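Here's a quick briefing to read with the model open.

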Amino acid sequence: MGFFDFLSEDIAIDLGTANTLIVHNGKVVVDSPSIVARNRTTGKIIAVGKEAAMMQGKTHENIKTIRPLKDGVIADFDASEKMISMFIKEIPALKKRLFTPSLRMVICIPSGITEVEMRAVKDSAERVNGKEVYLIHEPMAAAIGIGVDIMQPKGNMIVDIGGGTTEIAVIALGGIVCDRSVKIAGDVFTNDIVYYMRTQHNLYVGERTAEKIKIQIGAATEDLEVPPEEMSVQGRDLIKGRPKEVKISYREIAKALDKSILRVEDAVMETLSQTPPELAADIYNTGIYLAGGGSMLRGLDKRLSQKTDLPVYIAEDPLRAVVRGTGLTLKNLDKYKTVLAG
Ligand SMILES: Nc1ncnc2c1ncn2[C@@H]1O[C@H](COP(=O)(O)OP(=O)(O)OP(=O)(O)O)[C@@H](O)[C@H]1O
């Protein structure tokens, strides 16, 4: 330990389109929606994370809620930097500090990210006091978080279904052999539900309500073994203009999501078709690992398993698999130096 090491801290960040998670000292210390609320007149950020999420869809013209990331990459630099900086200040062990310490960071990024987008993440991290900043691809972090031994000469397929992107990768010998990133994930599923409610029930629902429907009764198939109960949904009647309530079943949601899930399935099939034969043989034995919040959609594992004819496993606590892996990478930087991106 160097003399000035007490002035520096290590943190791992999963900067996601839907959620931002931070690991410090081996523990998840921040787990918040990636949302910022800004006062339009003064330009000041008035809330981030959970507090800003409560305001979503309920703001007046003076307040605007922003999601600074889109499709896994930073879309609004100023808002994202302020959000990261406020999240870092919320870390209990750093709250007591007078100044933000210099940070050694590992941040995960989508596998389909461009050099310019990668640079943007690094720049933002440096501006929030990141002195040593490392990047890791999300599927790689997910694999480490799931507990896959990525260094083995053995192929493993990871499908990480987040908010903005679905990342599919075949990993062997500490590297990504083939991958695909599609912009079909949780946010698209939510918008599919908004569209379905509008067109089939003449009911206008906001994104927060649609996401609630997805989590409470969302399904990827119409034949679930344990179907959830019908759900009452309130919104605005598009014809009469007044509030209205309708009851919906998981079967309707499965119909609403079908086209998008087909596109995820196609991307998985395409990646499998590009996999070198020796690694394909490994995947035949090990199956496919799912991570990310989208993997929690009821019946998605079964549907993917039927489509690919392979066993499909959902990671333990799928929303945290990526940040767990990012944290482990940070803890074992020497071991994982070769798997870092950029
Ligand atoms: N039980 C659930 N069923 C279906 N979807 C869910 C469930 N829980 C969370 N989700 C969805 O998971 C998504 C968030 O997942 P996650 O936090 O893994 O994404 P992210 O890392 O923020 O996004 P990205 O990796 O694309 O940047 C959201 O769209 C959310 O609605």
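The ligand is surrounded by 24 residues, and the closest are Gly16, Ala18, Gly162, Gly186 and Gly293; a residue is near a molecule if its C-beta atom, placed from the backbone, lies within 6 Å of it. This is a predicted model, where local features need pLDDT of at least 70, side-chain atom pairs count only at pLDDT 80 or more, and totals for chains, interfaces and linings use all residues. Residues are numbered from 1 along each chain as its sequence is written.

**Ligand shell**
- Helix 6 (186–201) and helix 7 (207–217) are the elements that give two or more residues to the shell; helices (H or I, at least four residues) and strands (E, at least two) are DSSP runs, numbered from the N terminus.
- Helix 7 gives the most, with 3 residues.

**Helix 8**
- Helix 8 covers residues 250–274, and its 25 residues reach 34 Å from first C-alpha to last, close to the 36 Å expected (1.5 Å times one less than the number of residues).
- Helix 8 bends by about 50° at Asp258, taken as the angle between axes fitted to the seven residues ending there and the seven starting there.
- Buried residues in helix 8 include Tyr250, Leu257, Ile261 and Val264 (buried: 20 or more other C-beta atoms within 10 Å of its own; exposed: 12 or fewer; partly exposed: in between; C-beta atoms are placed from the backbone).

- Asp71 has phi near 50° and sits in the loop between strand 7 (69–70) and strand 8 (73–74).
- Asp71 counts as partly exposed because it has 19 C-beta neighbours inside 10 Å.
- Asp317 has phi near 45° and is in the loop between strand 18 (312–314) and helix 11 (321–331).
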